[in-house]
Structures are given as structure tokens and as C-alpha cells.
Amino acid sequence: MSILFSEKEKVFTIHTKNSTYQMKVDAYGFLLHLYYGRRTEGCMDYLLHYADRGFSGNPYDMDKDRTYSMDVLPQELPCQATGDYRSVSVIVKNTDGSYGCDFRYTGHRIVKGKYGLPGLPAVYAGEDEAQTLEIDLEDASAKVKVTLFYGVLPELDILTRSARIENGGAGKIYLEKAQAACLDWVGGDFDLICFYGRHAMERNVQRTPVAHGAQVITSRRGTSSHQYNPMMIVAGRETNEDAGSCYAMSFLYSGNFKGEVERDQFHQTRALLGLSDELFSYPLESGEAFFVPEVVLSYSGAGLSCLSQNLHKCFRTHLCRGKYRDQVRPVLLNSWEASYFEFSGESLYGLAKEAAELGIEMLVMDDGWFGKRDDDFSGLGDWYVNEEKLGEPLGELIGRINGLGLKFGIWFEPEGISEDSDLYRQHPDWVLAVPGRRPVRARYQLVLDFSRKEVVDALFEQMCAVLDQGNIEYVKWDMNRSLSDCFSQGTSDQGRVMHDYVLGLYDFLERLVQRYPDILLEGCSGGGGRFDAGMLYYTPQIWCSDNSDARDRVDIQYGTSFGYPVSAVGSHVSAVPNHQNGRVTPFDTRAIVAMAGTFGYELDPAKLTAEEKQSIREQIREYHRYAPLILSGLYYRLTDPAVSETGAWEFLAEDASELLVGAVMLEVHGNMTVNYIRLKGLPSGCLYEETGSGKVYGSDALMETGIPLPVEMGEYRAYQMHFVRRSCEGKF
Ligand code: GLA
């Protein structure tokens, strides 16, 4: 049993393999947080401290007791207008216009398995792999009811949190804020690690001390965004990759979000994650309920590598779905950087032919095949095949490409719409725009109003009509701008539009997954602008960044690895000089970096030398040899590329029988020093053979001093080394 309830103390204890989470219903019915951290026994209510604190008010039922204040106590569901003046999870605007709630415990259930959420992504698990705790709370005067959901996957050290908020009263209420998870620490000094960026340079790592005042990461862009990822880590000041306590919070949501970390007047820390309260005022009629999207939590007492590995495993095996979840994905050639908008059926066939000769397994036809779309000024919304441009029906082209032994994939951007399109001319009211006001354009396009079912229905139909034309085995789902002008002509409550948009997106994706279970979906939003755990429920891989330069990708993939498994990271070898930054890197380096992902190509093979073509054949053979290890091994970051001369990582088989190390030289200097890459996670007292050279190394020395990288001339050299365990002082 992972979830325990002590009737006497009214304490809930949730154990995972290495962590314990505890909370208590106190004498007044408030649900207080007691503890989250290293696995422990006992009741931690001794951590609560009661004192008369000036300007920290007391709930009315405390009568003359001034030592009880929501402003100080750690809570599971902090709400506005309870006397808690810190950042809160929930704000309700009641029927009478008042703000505030007063939630008290009314009951709970402990059930087998993991709860699901209607219309929303959620971690899933078998009946015997997980348990769910549901705690009911009610505001007796406003008649608002909340059920808090706690999912626990004990073997994975994963907890999940979500909530159902129901209007049990007679009139309409508004949810003004709804966040899924709150972590309150009564003491401790922490750092916040978050992931910021921009288009083509996503998920840079920032580590800052948690200070007085609130630090906020957020998206107001309608997508989870390039700018901040909806995932954060709160870590002890001393915590590093290999040791120390740390907590991950990852939001399974692809729209506006808010993460807040705040140190209060008594040096207590609170971290919140969930929906953003900006552009959000969600109406609930009498009897209606709202499900707050899920946050995944994990605790590691063994440093950041272990924390990331917990998330990787959970997302890979209990969030991603479908045929390709556990499969090595086909090595693809994407047409975008090979030919942009300029192609025909014949030229694509030419690409496919070259690709087939090199061992590439799938051709993806990117943007430009539909409507009137020879540049990015027109065509979005008209998802019918431009047969004139292709010179043949789509089915025929696919048949010819399949005939070469290649699979066929296709690009869509279902949420985008160009004003120069038939769809816009027919339905100008189907876009997000304020009537009478000129909307903000981005990439010269607008956004379809996915909060409206008829819009989603129409686009789904258009998309199916294309997908049914041939043997399409892959779809790249793109989204190339941030939302603005968030006004829908489908509702009079504009405060619901941003969230309903995301629900519309999920509805579309779910229909797609159900109708085409064998199609591999890859998410994309100008690269990694919607790289979040919500999308992974539908698309097991996401194009990590529009920046395909191997040097920049070392940084981008490093940051991404904190929260997401390598099996989710879309990564391709592209041409040099690189199309995003003009940098020239060696061909091998590009392949080694792309192999730390789903692996593919984004170039015109006809422009390569015979030697490079031969390299591709070898790279693909190598990828196939190592792909199972890459996709499901334990991932270790071996260096921090921001401060190291190298970027290096490791994939270790769970039974430590083999490992693969990738390393890129980030700097080159005269009379260069030697860089030693220290390996991680190996069992002590073993010998490992590096299969390329046949040399044998001791595991302890590999971890203690490391393996020297060659000192060579030239920029951005990269090395990939595969080791196999040969013997171990009687250990294996
Ligand atoms: C986005 C994607 C690219 C490509 C283009 C097509 O930028 O990230 O990979 O598909 O759109 O317009």
C-alpha cells in the first residue's frame, strides 16, 4: 500500500520507493501539508508551528486563538481570501461577486490504479502499478466543492496532482485561478532551476537562489512557449547532478501556464504550478465542474540525474502512447531544409530515391504541398493537395515512394490560417480576432479558433481527407505563432477561450490518435515552442528546435534532458553552413548530436560528397545498433556545456551491461589541454571494454578520472564510445 490514512491522527501518508509525502486534516478541517522528501516513517505534524504573528489574520473559528493563520501554515490547496497573503492555487469569484473560498475536508477515497482526466492528458498506469487518493473539500457557504487527486506510481518515484472543482451552488461562478500543485516547505534554502529561451534557442538552464518575493515563469502565448518551459526544479543549494535533494514539477499542459516560487516572511518556500490566471476567468454554471490539468511531481534525494531519470521513465512508459511508444522510430529525411517551399512530386521522389540508397527509412514532405502555398503568405487552412504543384495525385506519389522501400510522412499546421485562403474567405469569423480591431499577425498568419467545436470538426475532416489518400505513416503537427487577440465569436465568456483552445487542440489530437493509431505523430511549434509533457500524451516525439546546428543543439538538448526523455527529442543532421546560424561543424559531430534524439536528416543528399554519403550509411547502421540503448537507457549529463570545454552525455543500460558515451569539443585552443570525461552510474569493481578500440578500463577509474578525449586540430570534433561490461569481481 502506497497510500495510508491514519484515522486517529487524520494523516495521509503517501510512500514511493524513495520518497514520502504527508498531509493532515486538522481539527478545523483544513488540509495542511506536512512533508515531502526522503522516504521516512512517522508523523511529521511536529513541523507545524503556531505563534501569534502580527498582520497574519486568523480564521473566524479560532475565536481568541491568534496563533493559527493560513498566512503561515503549509497547505495543500491555498486559496485567496483565507488570510493567506502568499501566492495561492485557487481564486474563485462567487455568484454574489465576492472573491474567496473556505475549503474544509468532507471525505476521501483511496482507490486502485491511476485516475484519468476527461479531455486532458494524464499519466496512466495499470491497476497494480498505481494508486489514487481523492480528497473532498467543500466551501459550505459558497457551495463550491473540490476533489483533489493524488496519483502515486511508487516504483517510479512519481506523484501526480490534479483537481476537480464543481459549482454546487445555484448561480454562476468564475474560476479566476486554478493551479494543480502546491509545495510548501516550512524551512530550507533552495534554488530554482528553470528553462528559458527563444525561438531557435530553447530551454537554457537558469539556476537562481529562491529569494524573498515571488519568481514567476509563465506563458501568455497560448502555447507552452519557447520562452519558458512548464517544468521547474526546486533544489537544495548544495544539490548537484549526483547528490542532494531536489523536486521536479512538470505541467502536462500545452497552453498558458504559471509557475511561482516564493520565499515568505518566515523564510518558508512555496512552489506552485498550473494554469496562468492571466486571460483566465472560467465560468461554471450551477452543477458544472472544471478539471485542473495535471502536474507531475518527483523527488530525488540523489541529485538531478536521478530526478531527470524519474521523469524520463514516467513520460516514456506512462505518458507517451501508441505503437511507436517503445519502438525505434524510422530514420527520416525531412524536406524542409532540403527544398523549403520549392518542390514537386518529381523532386520529392528524387530525394526519396537518394534517401533509399543511403538507408534512410522515411521521407517527410514538409510545408508547401497544399492550397496555394509557395511561401508563408498564403494557403494555411486549405488542406487539400496541390496536385498541380506535385504533378500527380498524393496517393500516386506515396505509392512511388513506398515502392522505393520508404515510408511517407506529411506536415500539417491545423491551427494556422492565412488570410489569403479559401477557408478564411468562407469563414472570417473562425479566427481568434476582436471584431472591429485589426489582429496581430505573426509569420503573416492568424490562428483558428480551436475553442469552437465546429472549427475543430471542419479541420479534422479536411485533415482526414488527406490522410486517407495513401499510406501515410507519420504526421508532423506544427504551430507557427503565439496566440494574441484571444477573442472567440463562439462565446460571451472570453475568459474561457485560452483554456478551451487547448481543450480543442487535445480533442483534435485525441481523435487523430484514435482514428490513426499506426501513424507516428511528431509535435512541433517553430521547433520547440510547445515542447511539454501535455503534448507527449499525443505525440511521442517533438521537434526539439528549429536550430539544427550541432553546437547549439548540445545546449538545447542538455536543457531539454532535465525534463524530457531522449525518445521525445526530434533531432536531425542538417547541411553546413548551418541554415540558422551559419556555423560549420563536422559531419560526424552532427550525427553524434542527432543520435541523442530520434535521429533523422534534414538536407539534400544529392548535394553531398560520396564520402559523406558513405558516412550516412554508417551512421544509420550505428544508430540502429545503439538505438534501444539510446531510447531506453538511463541518461546521464556528464558535463555542463555552459561551463565546460565539452558537452558530454551517457546512456547506460539499466543492468549496466553496456553504455554509450557522446562527447563534443565545444572549444579549441592552441596547445590544448586534455579533457577527461568522467562516466557515471557504473557498478564498482567492474571492467568495461570500449568496443571501438578493444581497450579495457576499470569502472571505478572511468568514474574517478574519466576517459581522455583525443587532442585534435579542428573545431567541434565529436566522439562516440560504446562500452560493454566484461567482468566484475563476482558481481554479475
Ligand atoms: C516551422 C517548423 C519547421 C518547418 C517550418 C515549415 O518553423 O519548425 O521545421 O516545418 O515550420 O513552415
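## Largest pocket

By class, 7 nonpolar, 11 polar and 10 charged residues line the largest pocket. Nonpolar here covers Ala, Val, Leu, Ile, Met, Phe, Trp, Tyr, Cys and Pro, charged covers Asp, Glu, Lys and Arg, and polar covers the others, Gly among them. This is a predicted model, in which local features need pLDDT of at least 70, side-chain atom pairs count only at pLDDT 80 or more, and totals for chains, interfaces and linings use all residues. Residues are numbered from 1 along each chain as its sequence is written, and side-chain values use heavy atoms, with hydrogens and water left out.

The volume of the largest pocket is about 470 Å³. Of its 28 lining residues, His199, Asn480, Gly526, Gly527 and Asp546 lie nearest the centre. A pocket is an open set of points on a 1 Å grid over the protein atoms alone, with protein on both sides within 12 Å along at least five of seven lines; a cavity is a set where a 1.4 Å probe fits but cannot get out, and lining residues have an atom within 4 Å of a point. Points are joined across faces, edges and corners, and a volume is the space filled by probe spheres set on them.

## Domains

An automatic or database assignment sets the domain bounds. The protein chain is split into domain 1 (3–318), domain 2 (332–628) and domain 3 (646–727). Because domain 1 and domain 2 both give residues to its lining, the largest pocket lies between them. The C-alpha centres of domain 1 and domain 3 are 40 Å apart.

## Ligand site

The ligand takes up the space of the largest pocket; a molecule sits in a pocket if more than half of its atoms lie within 2 Å of the grid points. Around the ligand are 13 residues, of which Asp366, Asp367, Lys476, Asp478 and Asp546 come nearest; a residue counts as near if one of its heavy atoms lies within 4 Å. This shell has 4 nonpolar, 3 polar and 6 charged residues.

Polar contacts are pairs of N or O atoms within 3.5 Å. Polar side-chain atoms lie 2.6 Å from a ligand oxygen atom in Asp367 and 2.7 Å from a ligand oxygen atom in Lys476. For Asn480, a side-chain N or O atom is 3.1 Å from an oxygen atom of the ligand. Taken alone the ligand exposes 310 Å², and the protein buries 96% of that, by the Shrake-Rupley method with a 1.4 Å probe.

## Cavities

The structure holds 8 cavities of 30 Å³ or more. About 130 Å³ of space lies in the largest cavity. Its lining has 8 nonpolar, 2 polar and 2 charged residues, including Phe30, Met70, Glu76 and Asp102.

Terms used: Polar contact = N/O pair within 3.5 Å; in protein donor to acceptor, adjacent residues only side chain to side chain.
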